[in-house]
Amino acid sequence: MSKIVAIVGPTAAGKTEVAIELSKQLSLEIISADSRQVYKYLNIGTNKPLGKWSNYNGEIVYLYKGIPYHLVDFLEPDQQYDAGKFFNDSTWLIKKISNKGVKPLIVGGTGLYIKTLTDGISLLPARDQKLREHLMNLASSYGKDYLFNMLKQLDPVRASQVHPNNIHRIIRSIEIILKTGKTFTELIKQHPPIKNFDILLIGLYLNKQQLVQRVHLRTKWMLQNGMLEETQELISKGVSEKSPVFSSIGYNWVIKFLKNEISFETMENMIIKDTLAYIKRQITWFKKDNRINWINCDGLTLKQITRNVLNIINSNPQ
RNA sequence: GGGCAGGUGGCGGAGUGGACAAUCGCAGCAGACUGUAAAUCUGCCGUCCGUUGGGACUACGUAGGUUCGAAUCCUACCCUGCCCA
């Protein structure tokens with residue numbers, strides 16, 4: 001097992017630039033753990049590091065500021081990505097990069113994706129879109145209680161863990177049973193999470209005021225630098241408004257603005273609001289993980305933060 | 001100066017005699033999370049006490065009044081918006 005560094009934290013805390021700085025100093029390759037930046041064409045709205053697919057030692061990789069940046073900008077918007085795929089892709093990449101004698105650096109704010117690496121993930125069936133649509137139809141015909149009762153019958157233990165209103169998780173649990181004949185509860189027992197790597201978690205945080213200010217600035221910037229055009233292009237490409245990519249923060253409000261349903265100001269405020277709510281959820285997720293080595297970035301320069309990261313790395317056994 | 005509409009919790013906005021500490025939305029706070037996770041979902045949210053059931057106090061512009069009982073009815077005043085002078 002080799003120890004791999006992962007930089008985590010809420011959106012707008014400045015993870016990307018720190019990761020780049022660190023990678024330059026230590027010659028690392030970055031693996032992104034971000035559920036939205038995987039998509040092509042969603043550049044501005046997802047705050048994707050704007051790099052370029054380039055030839056890098058004979059391979060075509062996404063380069064940002066000269067550093068290979070993996071698992072970014074590779075999926076078509078009509079395709080689905082999920083934690084399981086991330087687990088497979090990142091595991092494969094970590095091995096591949098390590099085999100070259102280079103160290104990978106994980107960076108991202110998608111807590112569940114990070115968790116698949118720090119704690120592993122059980123071997124469970126992949127999502128079945130058709131089955132899900134079928135279950136969703138049942139829910140809309142007979143009410144959401146119908147599915148919850150179904151789950152109660154099939155897997156009472158799981159039903160006691162899932163809130164009756166949480167339709168996504170109810171469907172997922174039923175899906176597992178229908179696909180495998182076994183309950184979520186049984187499968188988790190049979191297939192404990194697979195943990196392949198030792199991860200050193202480093203978290204970046206800023207005080208609330210600073211995060212709020214950054215989100216304001218960044219939202220303004222996005223709206224002035226192509227988020228509207230980007231959304232327009234996705235729509236003219238035929239990407240459905242219901243597509244999962246548009247569940248990314250901001251795009252739904254941009255669509256409303258483009259349709260003249262809301263003012264520019266409303267759009268901007270709503271995006272800020274949603275981003276801050278997301279940040280709150282991220283903080284809730286990460287703060288319960290006491291393995292994270294937190295760095296308070298308030299008032300620190302990029303160099304200072306990077307130095308702090310290096311100190312943490314050096315004081316941990318390799 | 002006259003007419004009309006209105007003043008409710010941090011904001012928006014219901015309620016128009018008792019079931020009102022006051023629907024709901026927003027903001028705020030706390031939380032859950034094993035293949036949609038930028039997703040999905042939950043709890044709290046006047047103050048104080050209690051783990052819960054619950055209790056005490058202060059509150060619907062201000063001051064009075066009617067009533068067993070008022071955010072709700074009456075009177076005066078203050079303020080805001082619109083309209084006519």
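Student: Which residue stands opposite Pro68 in strand 5?
Tutor: That is Leu63. Keep in mind as we go that this is a predicted model.

Student: What makes strand 4 and strand 5 a pair?
Tutor: A pair needs at least two bridges between the strands. Strand 4 (residues 59–64) and strand 5 are joined by two bridges and run antiparallel, so they meet that requirement. They form a hairpin with two residues between them, and Lys65 in the turn has a positive phi of about 50 degrees.

Student: How do you know that strand 2 pairs with strand 5?
Tutor: By the bridge count again: two bridges join strand 2 (residues 28–32) to strand 5, and here the strands run parallel.

Student: Which way do the residues of strand 5 point?
Tutor: Ile67 and Tyr69 point one way, Pro68 and His70 the other, and all are buried. In a regular strand the side chains alternate between the two faces of the sheet.

Student: Why is Asn47 called buried?
Tutor: The cut-off for buried is 20 or more other C-beta atoms within 10 Å. Asn47 has 20 C-beta neighbours inside 10 Å, so it counts as buried. Asn47 lies in the loop between strand 2 and strand 3 (52–56), and its phi is near 60 degrees, a positive value in a residue other than glycine.

Student: And what makes Asn260 exposed?
Tutor: Exposed means 12 or fewer such neighbours. Asn260 has 7 C-beta neighbours inside 10 Å, so it counts as exposed. Asn260 sits in the loop between helix 11 (251–258) and helix 12 and has a positive phi of about 70 degrees although it is not a glycine.

Student: Is Ser315 buried or exposed?
Tutor: Exposed, because it has 8 other C-beta atoms within 10 Å. You will find Ser315 in the segment after helix 13 (302–314).

Student: How do you know that the length of helix 1 agrees with what a helix should span?
Tutor: Helix 1 (residues 15–26) has 12 residues, which at 1.5 Å a residue should span 16 Å; the end C-alpha atoms are 16 Å apart, so the two agree. The buried residues of helix 1 include Lys15, Val18 and Ala19. Just after the helix, Ser27 takes a positive phi of about 55 degrees.

Student: Which residues have the most contacts inside the largest nonpolar core?
Tutor: Ala6, Ile7, Leu105 and Ile106, in a core of 65 residues. Strand 7 (residues 198–205) gives the most to this core, with six residues. There is also a second, separate core of 11 residues, among them Leu151 and Phe184. In soluble globular proteins, nonpolar side chains tend to be buried together.

Student: What is Ile7 in contact with, leaving aside its neighbours within four places in sequence?
Tutor: Its contacts are Lys15, Val18, Ala19, Leu105, Val107, Ile202 and Leu204.

Student: Which residues come nearest to RNA strand B?
Tutor: Of the 44 residues around it, Ser35, Arg36, Gly84, Ser122 and Asn165 come nearest. To count as near, a residue needs its C-beta atom within 6 Å of the strand. Helix 12 gives the most to this surface, with nine residues.

Methods
Residues numbered from 1 in each chain as written. Chains lettered and ligands numbered in written order. Predicted model: local features only at pLDDT ≥ 70, side-chain atom pairs only at ≥ 80, totals over all residues. Helix = DSSP H or I, 4+ residues; strand = E, 2+ residues; numbered from the N terminus. Core = buried A, V, L, I, M, F, W, Y, C linked by C-beta atoms within 7 Å. Contact = placed C-beta atoms within 7 Å. Expected span 1.5 Å × (residues − 1).
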